[in-house]
Amino acid sequence: MKILAVVGARPNFMKIAPLLHEMRSRPSLTSLLVHTGQHYDEKMSKLFFEQLHIPRPDVDLEVGSGSHAVQTAEVMRRFEPVLLEHRPDVVLVVGDVNSTLACALTAVKLGIEVAHVEAGLRSFDRTMPEEINRLLTDAISRWLFVTEPSGVTNLKREGIPDERIYLVGNVMIDTLLRCRDRAEESGILEQLGLRSGGYGVLTLHRPANVDDPAQFAPLFAALARIARRLPLVFPVHPRTRKSLAAIGAETTPGVILTEPLGYLDFMKLTAHARLVLTDSGGIQEETTVLGVPCLTLRANTERPITCDEGTNQLVGLDPAAIETAALATLERPRGASRVPALWDGGAAKRIVDVLAG
Ligand code: UD1
């Protein structure tokens, strides 16, 4: 059986790593890796291949950045001949980025079955590009591998037959558990002059939060007020770098800006943080496993289990509410939380067991 796996953007890398390692340990499977090149900077891509020991891609489509239509179409145009040449039995896609949808759609139109890892998550907010990517990818996939029970409920509601849905756990957590010891060795705290528990971590990159200065400036002002109480380390996504410049916030007391960090440094930083403030999807899950309080700066989450069982709290986008929630979190001891079922390091094995059937 030949499985062609796809990655494109930063959050894909930690998801594909354990799947590739698992597939390559099985003699009955042949696996190929295609990188679409949606993310291409050294710090957004190559560093993750090195740190997570992801094999060099067999094919690099080098699509780069563009509008949604251009990026999606360009991936499809360049991916189709790869499929025609290699003729895999299955195309394996992860997550919810433009590359995920583009490759799933290209495959299914050639009659190649698609496996989607991290299926079924729904924010119910169709203004998010990721929500559209998730809905459409799930609608055309043969295998839907789900991280949390809400995903199963969502897929059934959308009429996906039960026999396509597999609750298998979380491959991103496979990577987290596998890398924890190595992450502990990172010297990032010393490099930034921080002590464990004495700082917070901030990440922001959603277009809805950072692209419009009228939205971003008051949001950032609230974060700057929090930073007067607790220094905030802010690794800046390329998209956000431009927005910070636009609102003149490149130097803010208490806010420590860094370039995008590698996986091991970021995990060390997160594991030792007093608090994380983020609009990312994956970080909500990582903080839940690490037991670190997470305030999600969004109105909704497609990962409700991180609020129900984990350390996540949805605080929305009102600057005053964010400030109040952050200061309240600093006042109280860490609450009880638990790691969701099947987030145990064995998700990739369960997925490959199903595919190798
Ligand atoms: C993409 C995903 C998002 C994910 C995020 C993680 C989609 C629709 N969005 O958003 O779900 O949470 O990745 O990072 O797929 N850029 C660089 N270097 C790079 C990559 C991008 O400078 O290596 C800059 C470019 O100016 C580009 C912008 O960042 O235009 C946005 O990149 P893009 O891939 O379009 O979307 P992200 O915001 O990264």
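Reader: In which strand is E118 found?
Author: E118 is found in strand 5; strands are DSSP runs of E with at least two residues, and helices are runs of H or I with at least four, numbered from the N terminus. This is a predicted model, in which local features need pLDDT of at least 70, side-chain atom pairs count only at pLDDT 80 or more, and totals for chains, interfaces and linings use all residues. Residues are numbered from 1 along each chain as its sequence is written, and side-chain values use heavy atoms, with hydrogens and water left out.

Reader: Why does E118 count as buried?
Author: Buried means under 20% relative accessible area, exposed over 50%, and partly exposed in between, with a 1.4 Å probe and protein chains only. The relative accessibility of E118 is 4%, so E118 counts as buried. Its phi is near 85 degrees, a positive value in a residue other than glycine.

Reader: Why does F124 count as exposed?
Author: F124 has 55% relative accessibility and therefore counts as exposed. F124 lies in the loop between strand 5 and helix 5 (129-140), and its phi is near 60 degrees, again a positive value in a residue other than glycine.

Reader: What makes helix 7 roughly perpendicular to helix 12?
Author: Helix 7 (residues 171-184) and helix 12 (residues 263-271) pack at an angle of about 85 degrees, with their axes 9 Å apart. Angles of 65 to 115 degrees count as roughly perpendicular, under 35 as roughly parallel, over 145 as roughly antiparallel, and the rest as oblique. The pair is therefore called roughly perpendicular.

Reader: Which residues of helix 12 make the contact with helix 7?
Author: Helix 12 contributes Y263, L264, M267 and K268, and the residues of helix 7 include M172, L176 and R182; contact means heavy atoms within 4.5 Å.

Reader: How do you know that the length of helix 7 agrees with expectation?
Author: The expected span is 1.5 Å times one less than the number of residues. For the 14 residues of helix 7 this should be 20 Å, and the end C-alpha atoms are 20 Å apart, so the two agree.

Reader: Where does helix 7 bend?
Author: Helix 7 bends by about 45 degrees at R178, the bend being the angle between axes fitted to the seven residues ending there and the seven starting there.

Definitions and conventions:
Axes fitted to C-alpha atoms, helices over the stretch in contact; angles between N-to-C directions.
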